[in-house]
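This report covers the sheet, the helices packed on it and the ligand site.

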Amino acid sequence: TDLTCLFLGQPLANPLMNASGVCCRTTTELDTLASSAAAAMVTKSCTLEPRTGNPEPRYSSLPLGSINSMGLPNEGYQYYLDYAERFDHERKLLFLSISGLTLDDNVEMIAAIREAVNPALLEVNLSCPNVPGKPQTGYDFEAMDELLDEVNDAYKRPFGVKLPPYFDISHFDAAAEVLNRYPRLAFVTCINSVGNGLVIDPDTESVVIKPKDGFGGLGGAYVLPTALANVNAFYRRCPDKQIIGCGGVQSGTEAFLHLLAGASLVQIGTALYEEGPAVFDRVLGELTAIMASKGYTSIDAFRGKLKTL
Ligand SMILES: CC(C)(C)CCc1c(C(=O)O)[nH]c(=O)[nH]c1=O
């Protein structure tokens, strides 16, 4: 069974990587990913300046998934740029995620990343905050187009975006129309956490995270059907782009489903947080077993071949 995948023309040993935000804030964490079985890895979304993020507890895990309101804790973009400069890009595909607090911050970070010689792939987090009181950039299609126009002008290499989940077909259509205006926007990562869930503990009668009165982004099993829908929606609407699936991957089965829905690579977040980097070995083993049981000798044999009724 062959798990190799082509991403932007580059062969990878397997389709797995971490989800941005998990096990990727410090060089220690990043080196752990670099030594793991994952074929690719992405840094924590970064801002112009370092941030400590929100007060703890800001992450909570549950039987069905996780909730977080980390508040963009990161070491500042230069730290990740330095990591990319030192990185052995032959060994693993490295993505660098940015989430500027303003349009200008994103442009300033991109100008620096463009000058760097590292071939890390740029992923722009569209859940980045917008003007206070307005929806996040990913939910404000005019702001999204304005940001992508600036990125497209400032950055001459292929880049990608991390999208929040959409739920209305008209929003899939509107978002895809914006993305398809940018040919160098080569990949789309779906989904970011399902925003502003509220987990309540029946024993304590309390919320479980401190920031935002307990409101936070959901991950894990809770979000799998939404993640699969977003992967497939953009797979259908953006035939010239590759899709990276993220959301609800806890075993080979969910990785298989993301690939079936059209994903080229598959990210693991909550399960990586809970289990550590061994999760990649386990999921790869499970995916291999599923493919063997179905007689698939390559991922191309089934990627995107989701059946409808
Ligand atoms: C939610 C933001 C803080 C605006 C961006 C960073 C981010 C965070 C975070 O750092 O709280 N958590 C997520 O699940 N997804 C994200 O994109």
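## Sheet

An open sheet holds 8 strands in the order β3-β16-β15-β10-β9-β8-β7-β4, with parallel pairing. Strands (E, at least two residues) and helices (H or I, at least four) are DSSP runs, numbered from the N terminus. Paired strands share at least two DSSP bridges. The edges are β3 (16–18) and β4 (40–42); each has a single partner strand, so one side of each lacks a neighbour in the sheet. On average, neighbouring strands are turned by 25 degrees against each other, direction ignored.

β15 (242–246) pairs with β16 (263–268) in the parallel sense over 4 bridges. Isoleucine 243 faces alanine 263 in β16.

This is a predicted model: local features need pLDDT of at least 70 and side-chain atom pairs pLDDT 80 or more, while totals for chains, interfaces and linings use all residues. Numbering starts from 1 along each chain as its sequence is written, and side-chain values use heavy atoms, without hydrogens and water.

## Helices

Helix α9 (278–294) lies across β3 and β16, at about 155 degrees to β3. Angles run from 0 to 180 degrees between N-to-C directions, with axes fitted to C-alpha atoms, for helices over the stretch in contact (heavy atoms within 4.5 Å).

## Ligand site

A ligand oxygen atom lies 2.8 Å from a polar backbone atom of leucine 72. For methionine 70, a backbone N or O atom is 3.0 Å from a ligand oxygen. A side-chain N or O atom of asparagine 125 is 2.9 Å from an oxygen atom of the ligand.

Note on methods: Polar contact = N/O pair within 3.5 Å; in protein donor to acceptor, adjacent residues only side chain to side chain.
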